[in-house]
Amino acid sequence: LAEEFLLLLRDDDGALSLVPEWSVRYALGGAVLMDLALEHRIDTDAQGLFVIDSTPVGDHLLDPVLVEIARSDRTYDALHWVRHATRHADEIRNTALERLIENRILELSDDRFLWIFGTRHYLLKDEETKRRLTGRIKSALLVDSIPDPRDVMIVTLADGCGLVSHILSAHELDEAKARIDLLRRVELIGRVFLEAIGLAVQPAA
């Protein structure tokens, strides 16, 4: 999910700049927790988030967070762990980008001067992968059928960071409003991610 989110984050020039950094960190942390849930390593209820299987996934993005949850001396709610996972955001982003480059989905174009000034651009090499991703999101939002849990999660991450408007036309976005509201309530970690985003915005407001 972190890799898919980063694909959505690219602007037309390939910079990862469509949304503010603080919201990206929440999304990357939330993505790891969502993937752990999809791997049946964690579960959540109204009271807390807990490990149901501590067996390592074998994924450098997921296993460090799984270990931290498993080793915790008390049970915390999902909001705590979404916030906690943001501490790993830089590592999550770097590893996810490395995978996208290794899999020839993205290509790094680094025009920074002395490695300080300027911006890294990630050129899209595999347009079909991006097309399938946006197609899944559009289908989840515009087709009246039960979506795949992974599609619900990527929609939640995209919506929480304001990226859906970069995927749907204005007409499609208006048509999808009720569907977006519905999917925002389907998955608990997604709801908590949206709550964390909302709480982070309040002080600034």
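A salt bridge is a side-chain nitrogen of Lys or Arg within 4 Å of a carboxyl oxygen of Asp or Glu. The structure above is a predicted model, in which local features need pLDDT of at least 70 and side-chain atom pairs count only at pLDDT 80 or more, while totals for chains, interfaces and linings use all residues. Residues are numbered from 1 along each chain as its sequence is written, and side-chain values use heavy atoms, with hydrogens and water left out.

**Exercise 1. Find the salt bridge between Arg 99 and Glu 3, and say which helices hold the two residues.**

Step 1. Start with the total: the structure holds 16 salt bridges.

Step 2. Now pick out Arg 99 and Glu 3, whose closest N and O atoms are 3.4 Å apart.

Step 3. Arg 99 belongs to helix α5 and Glu 3 to helix α1, so this pair ties together parts 96 residues apart in sequence. Helices (H or I, at least four residues) and strands (E, at least two) are DSSP runs, numbered from the N terminus.

**Exercise 2. Describe how α2 packs against α7 and against α3.**

Step 1. Two packed helices are described by the angle between their axes and the distance between the axes. Here the axes are lines fitted to C-alpha atoms over the stretch in contact, with angles from 0 to 180 degrees between N-to-C directions.

Step 2. Helix α2 (residues 21-38) and helix α7 (residues 149-160) have axes that come within 11 Å and cross at roughly 170 degrees. That makes α2 roughly antiparallel to α7 (under 35 degrees is roughly parallel, over 145 roughly antiparallel, 65 to 115 roughly perpendicular, and the rest oblique).

Step 3. Look at the residues in contact (heavy atoms within 4.5 Å): α2 brings Ala 27, Ala 31, Met 34, Asp 35 and Leu 38, and α7 brings Pro 149, Arg 150, Met 153 and Leu 157. By class, this contact has seven nonpolar, no polar and two charged residues (Ala, Val, Leu, Ile, Met, Phe, Trp, Tyr, Cys and Pro count as nonpolar, Asp, Glu, Lys and Arg as charged, and the others, Gly among them, as polar).

Step 4. Turn to helix α3 (residues 63-71), which packs on α2 at an angle of about 80 degrees, with the axes 10 Å apart. The two helices are therefore roughly perpendicular to each other.

Step 5. Val 32, Leu 33 and Leu 36 of α2 meet Val 65, Leu 66 and Ile 69 of α3. This contact divides into six nonpolar, no polar and no charged residues.

**Exercise 3. What lines the two largest pockets, and what lines the largest cavity?**

Step 1. Set the rules. On a 1 Å grid over the protein atoms alone, a cavity is a set of points where a 1.4 Å probe fits but cannot get out, and a pocket is an open set with protein on both sides within 12 Å along at least five of seven lines; lining residues have an atom within 4 Å of a point. Points are joined across faces, edges and corners, and a volume is the space filled by probe spheres set on the points.

Step 2. The largest pocket holds about 230 Å³ of space. Its lining includes Leu 9, Val 24, Arg 93, Asn 94, Leu 97 and Tyr 122. Helix α5 gives the most, with three residues, and the lining divides into seven nonpolar, two polar and three charged.

Step 3. The second largest pocket holds about 170 Å³. Both Glu 3 and Arg 99 are among its lining residues, as are Val 32, Asp 35 and Arg 150. Helix α1 gives the most here, with three residues, and the classes are five nonpolar, no polar and seven charged.

Step 4. There is one cavity of 30 Å³ or more, and the largest cavity holds about 40 Å³. His 60, Leu 61, Pro 64, Val 65, His 88, Glu 91 and Ile 92 line this cavity.
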